[in-house]
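This briefing concerns the pairing of charged side chains. Please view the sequence and the structure below before reading on.

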Amino acid sequence: MKRLFGISITAALLLAAAGCKKEPASEAQVQQQLQEAQKKVEQAEQQAAEARRQLEEAQQKAAQAQQQMGRTQTAPARPGTPAAPQAPGSNLAHAQGSAAPAPAAGTHAVSPSPAPEPAPKTITLPEGTKIVVRTTTALSTKEMTTGERFIATLHEPLVADGVTLAPKGAEVEGVIVESDPGGRVKGVAQLGVALRSIQTTAGKVTIQTGAYVTQAKSSVKKDVTRGAIMTGVGAAIGAIAGGGKGAAVGAGVGAGAGAATAMATRGEPATIPAESVLTFRLKAPVTVTVK
């Protein structure tokens with residue numbers, strides 16, 4: 001700026017000197033030239049001052065920018081705010097040392113695959129396997145016929161190879177394989193039941209078991225007693241009618257009546273009470289697939 005000021009003054013003086021060399025100037029002309037030169041000097045000074053002011057403003061802006069950059073680099077970044085741009089090459093070593101390695105080009109992050117499910121296991125129950133159940137209702141030849149179904153529950157869990165195929169209380173379906181009310185006089189009622197399916201952990205499985213058979217109490221003694229009573233009554237009636245021969249005839253008639261009464265009376269029904277614990281055995285192997 002000082003150099004520019006000196007050049008301006010020098011130029012003004014040269015112009016004044018050049019004017020003086022051409023021809024002698026009057027005092028008024030010289031005074032006018034000096035005033036013009038002074039104005040040019042003042043203009044040059046104003047231009048120099050404006051240039052200095054602009055330079056100072058530029059220096060202040062540069063200092064503020066540098067100060068702001070220093071604060072941005074040292075202050076911790078707030079969550080959710082983007083990082084301020086940094087000059088090329090700044091903090092490069094720190095970034096290379098602390099940044100996590102980026103995956104190679106063309107590769108993708110692979111999430112761990114879920115554990116595979118265990119393969120299904122096949123278990124075979126051999127022939128003769130014991131199955132113990134508990135009845136839920138009473139079964140009787142008086143009310144049920146051959147072929148009817150009934151429901152029971154497992155009294156003991158069904159376990160094979162350390163695996164529980166059916167827990168205690170699992171539903172079991174049975175069938176009446178024989179329901180004989182019993183013959184006349186000497187015959188007794190007979191009831192036979194077997195199992196046909198069981199609800200396992202793998203679902204309902206069809207099975208075949210041997211039959212559990214029960215008989216009613218024999219009524220032979222009761223029938224004989226009834227016949228004897230009827231014979232005595234007949235003899236008494238014969239004696240009243242005509243003495244010895246009549247008594248014999250009456251006895252025969254009474255015996256026949258007693259036999260007829262016994263023939264007309266059916267024996268006691270065969271019954272399996274509710275909550276009875278029954279044991280069955282498999283008649284054929286059964287295969288169960290469990291997970």
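**Salt bridges in the predicted model**

The side chains of E50 and R53 form a salt bridge, with N and O 2.2 Å apart; the term denotes a side-chain nitrogen of Lys or Arg within 4 Å of a carboxyl oxygen of Asp or Glu. Across the whole structure, 4 salt bridges are found. The model is predicted, so local features need pLDDT of at least 70 and side-chain atom pairs count only at pLDDT 80 or more, while totals for chains, interfaces and linings use all residues. Residues are numbered from 1 along each chain as its sequence is written, and side-chain values use heavy atoms, leaving out hydrogens and water.

**Within helix α2**

- Both E50 and R53 belong to helix α2 (residues 27–74), 3 residues apart, about one turn of the helix; helices (H or I, at least four residues) and strands (E, at least two) are DSSP runs, numbered from the N terminus.
- E50 is partly exposed at 32% relative accessible area, the range between buried (under 20%) and exposed (over 50%), with a 1.4 Å probe and protein chains only.
- R53 is also partly exposed, at 37%.

**Between R134 and E275**

- R134 and E275 form a salt bridge whose closest N and O atoms are 3.6 Å apart.
- This pair links distant parts of the chain, 141 residues apart: R134 is in strand β2 (residues 130–135), and E275 is in the loop between β11 (271–272) and β12 (277–281).

**Between strands β7 and β4**

- E173 and R149 meet through their side chains in a salt bridge (3.1 Å, N to O).
- E173 lies in strand β7 (residues 171–180) and R149 in strand β4 (residues 149–154), so the pair ties together parts 24 residues apart in sequence.
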